[in-house]
Amino acid sequence: MNHERYAVRGPYWRPLFYGVCDLLGMEPARQHMVAEPLLFEAVLDRVFETTFDYCRRFLDACGPALDILCLGDDFATPTALEQLLRKCSPTRQRRDSLGLA
């Protein structure tokens, strides 16, 4: 690849919500979000910490060869699901303070 002509990006897709769903299952994750929000928040916190650490190590390893750090998430559109996630305030506040909101 011609790095002078094209930008290099990565790691592309590491969504926090889907990390929780990978650990708990999609339906159980949504059930815990409503019925046991502290459990959901604890799992989300751990997924965030793991993802943040991964990105830090990824950036360190790539150095200046990486032009774009590309992350994505898919919590939902402005609906009841997003309102439920805002109840996970410590995680949300940390993400906001790190500019990851």
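Tyrosine 18 has a relative accessible area of 29% and is therefore partly exposed. The model discussed here is a predicted one. Phenylalanine 17, the partner of tyrosine 18 in an aromatic pair, counts as buried, with a relative accessibility of 4%.

**Aromatic pairs**

There are 3 aromatic pairs in the structure. Two of them are set out below, with the distance between ring centres and the angle between ring planes.

| Pair | Centre to centre | Angle between planes | Arrangement |
|---|---|---|---|
| Phenylalanine 17 and tyrosine 18 | 5.7 Å | 75° | edge-to-face |
| Tyrosine 54 and phenylalanine 58 | 5.8 Å | 25° | stacked |

The rings of tyrosine 54 and phenylalanine 58 count as stacked because their planes stand at 25°, and planes under 30 degrees apart fall in that class. Both residues belong to helix α3, which spans residues 37–62, and a separation of 4 residues places them about one turn of the helix apart. Tyrosine 54 is partly exposed, at 25% relative accessibility.

**Packing of α1 against α3**

Helix α1, covering residues 16–24, packs with α3 at an angle of about 115°, and the two axes lie 9 Å apart. The crossing of these helices is right-handed. On the α1 side, the contact involves Leu16, Phe17, Gly19, Val20, Leu23 and Leu24; on the α3 side, it involves Phe40, Val43, Leu44, Val47, Phe48 and Thr51. By residue class, this contact comprises 10 nonpolar and 2 polar residues, with no charged ones.

Threonine 51 is one of the α3 residues in this contact. Its relative accessibility is 10%, so threonine 51 is buried, the limit for that class being under 20%. Apart from neighbours within four places in sequence, threonine 51 is in contact with Arg14 and Leu16.

**The largest nonpolar core**

Which residues make up the largest nonpolar core? The set consists of 11 residues: Leu16, Phe17, Val20, Cys21, Ala29, Met33, Phe40, Val43, Leu44, Val47 and Phe48. Helices α1, α2 (26–35) and α3 are the elements that give two or more residues to this core. The largest share, 5 residues, comes from α3.

Note on methods:
Residues are numbered from 1 along each chain as its sequence is written. This is a predicted model: local features need pLDDT of at least 70, side-chain atom pairs count only at pLDDT 80 or more; totals for chains, interfaces and linings use all residues. Side-chain values use heavy atoms; hydrogens and water are left out. Rings of Phe, Tyr and Trp (its six-membered ring) pair if their centres lie within 6.5 Å; planes under 30 degrees apart count as stacked, over 60 as edge-to-face and the rest as tilted. Buried means under 20% relative accessible area, exposed over 50%, partly exposed in between (1.4 Å probe, protein chains only). Axes are lines fitted to C-alpha atoms, for helices over the stretch in contact, and angles run from 0 to 180 degrees between N-to-C directions. A crossing is left-handed if the near helix is turned anticlockwise from the far one by less than a right angle, and right-handed if clockwise. Contact means heavy atoms within 4.5 Å. Ala, Val, Leu, Ile, Met, Phe, Trp, Tyr, Cys and Pro count as nonpolar, Asp, Glu, Lys and Arg as charged, and the others, Gly among them, as polar. A nonpolar core is a set of buried Ala, Val, Leu, Ile, Met, Phe, Trp, Tyr and Cys residues joined through side-chain atoms within 4.5 Å.
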